[in-house]
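Here is a friendly briefing to read alongside the model. Have the viewer open as you go through the points.

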Amino acid sequence: MCSTLAGSYKIENMNMQKLWLVLSSDSFVCTDNLKVILKIAQDNGIDEDSITYFQNAKFDMDELADLAQTVSFFGDRLIVLKDFDLSDLSEQYAEQLCRIIDDSEGTHFAILLTCEDEKTVSSKKYASLAELAKKQGLYIFVKEIDDKYLAELAQETAKKLGASLDKETARYIVDNVGKNIALVTNEVEKYAAACNYEKITKDIVDAIGVKTLEARIFDVIDLICSKKPVKALETLNILYSQGTDEIAVVGALATAFIDIHRCKLAKKNGI
């Protein structure tokens with residue numbers, strides 16, 4: 001089964017697979033999906049003693065082959081490859097890995113690697129591995145995690161919790177927390193609880209939400225432009241009281257004003 005996740009980034013098919021191939025530019029996606037796979041394995045009688053991890057692209061192929069071809073005393077086993085990039089896996093290793101997986105009985109494989117571009121997966125070097133995953137298990141590639149992706153994820157998370165979240169507020173949440181999957185989902189869970197799992201509004205986000213330094217600095221500039229210097233200073237003082245580095249604050253202020261200047265120049269030139 002092939003899947004390119006959009007609104008969600010987690011495996012939803014909870015059936016045992018011979019092979020899971022999970023690829024994403026964000027290592028968090030791999031880490032979180034490994035938790036799902038380990039839960040599936042546990043539900044199917046595979047305990048910790050029957051799980052082996054390989055966490056380097058230059059792993060011992062002979063050791064992996066021996067494990068895959070040896071029937072475990074405790075039943076099925078799970079072999080996990082993680083914590084390296086797909087491009088670090090040599091073509092020879094990829095070919096050998098496919099043969100080992102294809103020939104194994106009673107062994108399941110979870111391959112969770114970082115990968116910047118899905119074109120890499122379809123290249124001659126790795127195409128056979130992806131095809132094997134589609135035929136004998138589950139193949140997932142999570143596209144680049146951009147603002148649109150995160151906003152959709154925020155809405156999907158709210159929906160699963162039984163709360164409503166419109167597109168504008170979802171984008172506002174992403175603007176506040178930045179490109180961080182874990183933080184986006186955690187914040188939505190917090191807002192959903194705060195609104196009693198009804199409607200998440202911008203007011204709720206403002207009342208209890210976290211913001212990146214850049215988002216807070218934008219608030220400071222907005223207050224200055226609105227001729228509210230006291231409020232702007234209060235916001236800065238909150239940042240300092242939270243231990244925010246002064247140099248980081250000055251840097252963010254400078255960057256924000258440079259961005260504003262660029263926007264004014266672009267507008268002047270009809271862009």
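Helices (H or I, at least four residues) and strands (E, at least two) are DSSP runs, numbered from the N terminus. This is a predicted model, in which local features need pLDDT of at least 70 and side-chain atom pairs count only at pLDDT 80 or more, while totals for chains, interfaces and linings use all residues. Residues are numbered from 1 along each chain as its sequence is written, and side-chain values use heavy atoms, with hydrogens and water left out.

**Overall shape**

- The protein chain holds 12 helices and six strands.
- Its radius of gyration is 23 Å, well over the 18 Å that the globule rule gives for 271 residues, so the chain is more spread out than a compact globule. Here the radius is taken over C-alpha atoms, and the rule is 2.2 Å times the number of residues to the power 0.38.
- The C-alpha trace spans about 75 × 45 × 35 Å along its principal axes.
- Of the 271 residues, 45% count as buried. Buried means under 20% relative accessible area, exposed means over 50%, and partly exposed lies in between (1.4 Å probe, protein chains only).

**Salt bridges**

- A salt bridge is a side-chain nitrogen of Lys or Arg within 4 Å of a carboxyl oxygen of Asp or Glu; the count comes to nine salt bridges by this rule.
- Lys10 and Asp32 meet through their side chains in one of them, at 3.4 Å from N to O. Lys10 sits in the loop between strand 1 (2-3) and strand 2 (19-24), and Asp32 in helix 1 (residues 27-43), so this pair ties together parts that are 22 residues apart in sequence.
- Asp32 also forms a salt bridge with Lys35, where the closest N and O atoms are 3.6 Å apart. These two residues are three apart in helix 1, so about one helical turn separates Asp32 and Lys35.
- In helix 9 (residues 202-208), Lys202 and Asp206 are four residues apart, which means about one helical turn lies between them. Their salt bridge has its closest N and O atoms 3.4 Å apart.
- Lys202 is partly exposed at 41% relative accessibility, and Asp206 is partly exposed at 37%.

**Surface patches**

- Patches are made of residues with over 30% relative accessible area and no salt bridge; like charges are joined within 9 Å, and nonpolar side chains (Val, Leu, Ile, Met, Phe, Trp, Tyr) within 5 Å. Accessible areas come from the Shrake-Rupley method with a 1.4 Å probe, and for residues only the protein chains shown count as cover.
- Lys and Arg count as positive and Asp and Glu as negative, with His and the chain ends not counted. Each charge is placed at NZ of Lys, CZ of Arg, CG of Asp or CD of Glu.
- Asp60, Asp62, Glu63 and Asp66 form a negative surface patch. Within it, Glu63 belongs to helix 2 (residues 61-69) and is partly exposed, with 39% relative accessible area.
- Ile224, Phe257 and Ile260 make a nonpolar surface patch of about 250 Å². Phe257 lies in helix 12 (residues 246-268) and is partly exposed at 42% relative accessible area.
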